[in-house]
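Please consult the sequence and the model while reading the points below.

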Amino acid sequence: EFGCLYIHSSVSTWKSCLHAMKVEASVLSIVYVERKVFVGMSNSGMLIFKRQQNGDWDWENFHTIYLGANHDVPISVMAGIKNRLWCGIGNGLHIFNADTEETLTTLTVHPSVRSRVTNIVSQGEGVWVSVRLDSTLRLYHADTFQHLQDVDVTAPIQTLLSFPGSQRKPSPRNLVRIASILISNGCLWIGSSNGAIMSLPLVGELPAPCSSDEFFEQVKSQSSDEMVGSIVGEDVAVTVGDSCAIAVADPATTIPYCSLDASRLSFHGHHHAVDILVACPGVMATKTVKTSDSATKRVNCAAVTFVMSVGGGYVDFRADQGTSTSAKAAQYADRNHVIVWQVSPNTS
């Protein structure tokens, strides 16, 4: 925010700052691609740092490239995909060859110049992009940069808000906006500005469209006990949901299209926007298997993944605990919460 860049070791003594430098604008994103570090700033500038011949980073002889015509458009997000750097700048994408440092193409993601690209995630041959104050996800081909699919998540999230028993009904003041996205275990996870969290399975081909009426019936037919959890912790509450098996497509060669009619909606959410979605590997589980009448042995099970969301407050959309007027509930709703899902791969 103050135009400062701090460098810490990722190997040891990470608390000690190795180097600090003042840059010309606020730093919004940092990405490592092709043995280079790219730093996106709020003035359309991108700093490029390289290593010296001895392998040490050269913090003095970096250079700056400006991607926007006007220096008031920020580079809001960057992602390294293959040997390319995808930069979200204003309402478009600037795709940059990280090796040759040449511009490959520019794409307009949203027609409004006031919009801003906020999230970029990729898998295989596809790149998913979201825009601030927008409910539509856009899929692009990682090599040809062709626009492949649009997915509007308004209908499923409004269905969740309208779930019987919830007092948090959809309204013009409570519009659906995408706040964060993540690809993990064959699914595209989406966190909304309403605090709702959903996942869409990734498929290898463009799915057939599903009507809104069909989707509403599928969601309302789900058991309300599919995702149950308990709240623990004191300073930071943590909600742990049930594990769910997901069929994972080949991530390396397929285009990650999304199937909206097979989406999963979580009854556990946040009182405010979902700020962060992140996945981390879990410990390989073991189980006891009977080998004979009197002998047993321990065998490894499939490794699980934990998907975590971070946001302000906790809400059960079946009862909307976050609307309670008690002082204790109000204080609880303002705390930052972490919700954790245990996701198991399909081993069948």
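In this predicted model, lysine 22 touches Phe2, Gly3 and Cys4, leaving aside residues up to four places away in sequence. Lysine 22 belongs to strand β2, which covers residues 17–22.

**Lysine 22**
- The relative accessible area of lysine 22 is 60%, so this residue counts as exposed, the cut-off being over 50%.
- Lysine 22 and leucine 5 lie 17 residues apart along the chain, and their C-alpha atoms are separated by 6.3 Å.

**A four-stranded sheet**
- An open sheet is formed by four strands, in the order β11-β12-β13-β14, with antiparallel pairing.
- Strands β11 (117–123) and β14 (147–152) each have a single partner strand because they stand at the edges, so one side of each is left without a neighbour in the sheet.
- From one strand to the next, the twist averages 20 degrees.
- Five bridges join β13 (residues 136–141) to β14 in the antiparallel sense.
- Leucine 139 stands opposite glutamine 149, a residue of β14.

**The protein as a whole**
- The protein contains three helices and 28 strands.
- Of its 348 residues, 47% are buried.
- Among contacts in the protein with a separation of 6 or more, 57% are between residues 24 or more positions apart.
- The protein exposes about 17,500 Å², and carbon and sulfur atoms supply 50% of this area.

Technical notes: Residues numbered from 1 in each chain as written. Predicted model: local features only at pLDDT ≥ 70, side-chain atom pairs only at ≥ 80, totals over all residues. Heavy atoms only, no water. Pairing = 2+ DSSP bridges. Helix = DSSP H or I, 4+ residues; strand = E, 2+ residues; numbered from the N terminus. Axes fitted to C-alpha atoms, helices over the stretch in contact; angles between N-to-C directions. Buried < 20%, exposed > 50% of the residue type's maximum accessible area, 1.4 Å probe, protein only. Contact = heavy atoms within 4.5 Å. Areas by Shrake-Rupley, 256 points an atom, 1.4 Å probe, with all protein chains shown as cover.
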